[in-house]
Every structure is written in C-alpha cells, then in structure tokens.
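Please read them with the structure open beside the text.

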Amino acid sequence: MAATNPHEALRARWRETVERVRATADPDPGPYADDLLARWEEPQRRYHTVGHLDAVLGHLDALAPHADDIDTVRLAAWFHDAVYRPDRSENEERSAHLAERALPELGVDVARTAEVARLVRLTVSHDPAPGDRDGETLCDADLAVLGGTPREYARYAAAVREEYGFVPDDLFREGRAAVLRQLLGLPRLFRTPLGHDRWELLARRNLTAELELLTG
C-alpha cells in the first residue's frame, strides 16, 4: 500500500475552506495549497513550520464557537507566517500582501480578503481590540503553544532559538526577554473564554520560567 502523503489532510482542509467562502468553482485551490505548504517547509524554519500551521488549525477547531467567521480566521492562519525570515521584521506585512494577491485570484471577495490581511497583521502584536472576536480567536490559537506542558514549552523555546541561531547568545537573550516581558505585560494572553481557561495560567508560568532562565 502506498504511503499517505503527510500533507494530504492539510490540502483537503484548505480546499474545503476555500470552496466554502468563494462564489466561483475556479481556479483549482490545490496549487495554492502546494505553494503555501512549500513556504511553511522552508529550511530556515524550526518552529514556524507545517507542524505549527497544523496545530493552529487544530486549535481553531476548538475555538470556532467564539469566532464570528471561522473560515476567514482559518484562511488567516494559513497565511499568518507564510512569509517567514527570522532575520527580517516585515514578515507579517509580507504575509498579508501574499494573502491580498492570492485570495482574489481564488475568487475570494474583497471584504473577506481585507479581513484575512487584517488578521494576519494582527499577529504582530497579538493584542486584538475588545470585541474583535475573530482576532481573539486567531491570536489565541497562535499563542496556544505557550500554554503547553513544561516539556512541550521547552521544545518550543529550543526551536525558536534554533531559528535565531545566527544571533549571538547575549543579543538573543536580550531580544527574547523583551518579547517575554511584552507578552507577560498583556492583561490577558488569551481572550477567548476557552483559551483563557485552558492556557492562561500555564502560559504565564512557562513565560516567567523562561524569562528567569534568560535573565537570572
């Protein structure tokens, strides 16, 4: 029996989402999925990989009741780190531009395309405005890794360090500590009720422990 393509389920999810939100039958969504997955598999990635995309989509399934338009949020998840270079600061902006180019080609309307791009840009700060239910849903799914077990969090932190392997240790510690302080400074890391109940306490413990390791 032939081996199952490990990305077939993701391709199917992409196709189903696109076909639900557009009014036309063409073009074939498949090549767009292939392009996105190839981006998520680029060699410079250690954390921002297909595994992260798959995890975010899985968290969105659990958080879906909170969203106003879960399929728009799912499209934003596909694009939110589609452009990723750890040595550049404009990744989210370039990812949003990619969505703005690709989605109209797929027959997605202007308003939904603009909302996908807005959600992608929101992942710069992970600080949605009150009442932004779609933004809250995407940001919670993206940050869910912070609320893993200590072992899971340690794997995540190690993968982030690998992505920034070109940065000297002292500079990495300084920059990473600033990111951790920014996250810990948010009144709530997780804005959805489910996300807050499931991940908030663990995430704050994990972030605090990493910060102490970096600055102790």
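1. The radius of gyration used here is taken over C-alpha atoms, and the globule rule is 2.2 Å times the number of residues to the power 0.38. For 216 residues a compact globule would have a radius of gyration near 17 Å, and the protein, with 17 Å, agrees with that. Along its principal axes, the C-alpha trace spans about 55 × 40 × 40 Å.

2. A word on the basis of these notes: the model is predicted, so that local features need pLDDT of at least 70 and side-chain atom pairs count only at pLDDT 80 or more, while totals for chains, interfaces and linings use all residues. Residues are numbered from 1 along each chain as its sequence is written, and side-chain values use heavy atoms, with hydrogens and water left out.

3. The protein has ten helices and zero strands, where helices (H or I, at least four residues) and strands (E, at least two) are DSSP runs numbered from the N terminus.

4. Buried residues (under 20% relative accessible area, with exposed meaning over 50% and partly exposed in between, for a 1.4 Å probe and protein chains only) make up 48% of the 216 residues. Among contacts (heavy atoms within 4.5 Å) between residues at least 6 apart in sequence, 65% join residues at least 24 apart.

5. The structure holds seven aromatic pairs, a pair being rings of Phe, Tyr and Trp (its six-membered ring) with centres within 6.5 Å, counted as stacked if the planes are under 30 degrees apart, edge-to-face if over 60 and tilted for the rest. One of them joins Tyr164 and Phe166, a tilted pair at 6.0 Å centre to centre with 35 degrees between the planes. Tyr164 counts as partly exposed because its relative accessibility is 26%. Elsewhere, ring pairs link Trp14, Trp78 and Phe79 into a cluster.

6. Most residues other than glycine have a negative phi, and most peptide bonds are trans.

7. Which residue other than glycine has a positive phi, near 50 degrees? This is His126, which lies in the loop between helix H6 (110-122) and helix H7 (133-143). With 12% relative accessibility, His126 counts as buried.
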